[in-house]
Amino acid sequence: MRRAVTVAASVLDQAASSLTNIAVLVIAARASTADGFAAFSMVYITFTVLMGLNMAFVGQSVVLEKGEDASVGSAARAAVSFTALAATTGGLQLAVGGALAGGGTGRAFLALGLVLPVVLVQDGLRYAFSALRQPHRALAADTLRLACAVPALVLQPQGASPARLVLVWGLSALPAVLLGLALLRPRVRGLPGDPRRYLRKGHLGRRFVVEYAVGNASSQLAVLGLGLFAAPLAVGALRGASTLFGPLNVLFTSVNAFGPPLLGRAGSRRATVRAAAGLAGVLAVLAAGWATALYALPAHLGRRLLGDTWDAAAALLPATGSQYAVMAAGTCALVTLRVLSPRATLSVQVVFSLLAVALMLGGYVVGGAAGAAWGLAAGSALKAVAAWSRVARTRPEPLAEQAEGQRSTAPLS
């Protein structure tokens, strides 16, 4: 029963965090012009990449901590301290760069630099609580984050500047940070927490960063580059379309988090693959059904969701819906590989994530934002085919090797 409660709290915490991201983007789209949301989207992509890098370098290593409560508590304290120091350093650089760049987008990046320590520490606390096996405390902080961010953004005037929206979004995380630190303090009081441990040679986070960079950040950075050097409005359209599929992101994240232990208890290799294939089919049908419902949404309702960005985002729904349908298959295949042969995922991620970036950029050259969306869909489809082909050729590793691989492989996407 205790394990079930822990899993439920973890899923609800992930849902609260994802719902916050969805709500922030939807409200920002409604309050902004199409140009303003494009600038906001570029800033939010930057934050997403930085958050992912911190998750890979700090979060995924701290959740692997085992041993006595004191050692885990020390690791959690060090993780939060390192996140605060790194975010402050990175935030200063962003603020200076944004100030030098000027203009609406530059001011928005300046605002991100100012609030970066707040939002990254708030996210980093989730991993500290996870390591301490206290997901209900993370859920409390993330629920407060949602309860503060939504009203704060809703109260902003129509046509608010991207910089203003970024500042309001970032500062609205302060109550959640204070609550999280207050809940963490009793668990780490009096314990050492040396942030320099993350700079030592052999730190596992370096491997996790590599896998995140090629699996997730590469496509995000490519979209950001598209906005900086080619078409900012395309970024707003792509971000708007993907925001509409936020509920599916929650499902995919939950599969990554809880799929391996559940599939690992399926028994034989055949049972594991069969269960994963069934789950992939269910998720693909859900993705297709969600895409169909969005495509059939009347335009006036769509504009109430995304404001001026709706028309551009709606044109991408067939491509983005197709991408999410094949992502369901790919996610389940990669989770299956994690169970059968943990070392097999990195090569698939490297090759086909970079291929997806190339297809997205090539698609943009040929067909603009719609071509970029179809390029991402094609890349996701090829990754899914490659992952399932690898599953078909893979035999389970010996238990000792598998345990070592799971300790040295980052979570999948």
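How many cavities of 30 Å³ or more does the count come to? The count comes to two. The model is predicted: local features need pLDDT of at least 70, side-chain atom pairs count only at pLDDT 80 or more, and totals for chains, interfaces and linings use all residues. Residues are numbered from 1 along each chain as its sequence is written, and side-chain values use heavy atoms, with hydrogens and water left out. A cavity is a set of points, on a 1 Å grid over the protein atoms alone, where a 1.4 Å probe fits but cannot get out; lining residues have an atom within 4 Å of a point. Points are joined across faces, edges and corners, and a volume is the space filled by probe spheres set on them.

The largest cavity holds about 150 Å³. Its lining comprises 13 residues, and Ser 17, Thr 20, Asn 21, Gln 122 and Arg 145 are the closest to its centre. At least two lining residues come from each of α1 (2–31), α2 (34–62), α4 (103–131) and α5 (135–154). Helices are DSSP runs (H or I, at least four residues), numbered from the N terminus. The largest share, four residues, belongs to α4. By class, the lining has five nonpolar, four polar and four charged residues. Ala, Val, Leu, Ile, Met, Phe, Trp, Tyr, Cys and Pro count as nonpolar, Asp, Glu, Lys and Arg as charged, and the others, Gly among them, as polar.

The second largest cavity holds about 40 Å³. Asn 54, Val 58, Gly 59, Ala 79, Val 80, Thr 83, Gly 124 and Tyr 127 line it. Here α2, α3 (69–101) and α4 each give at least two residues. Four lining residues are nonpolar, four are polar and none is charged.

Conventions: 1 Å grid on protein atoms, 1.4 Å probe; cavity = no way out; pocket = protein on both sides within 12 Å on 5 of 7 lines; lining within 4 Å.
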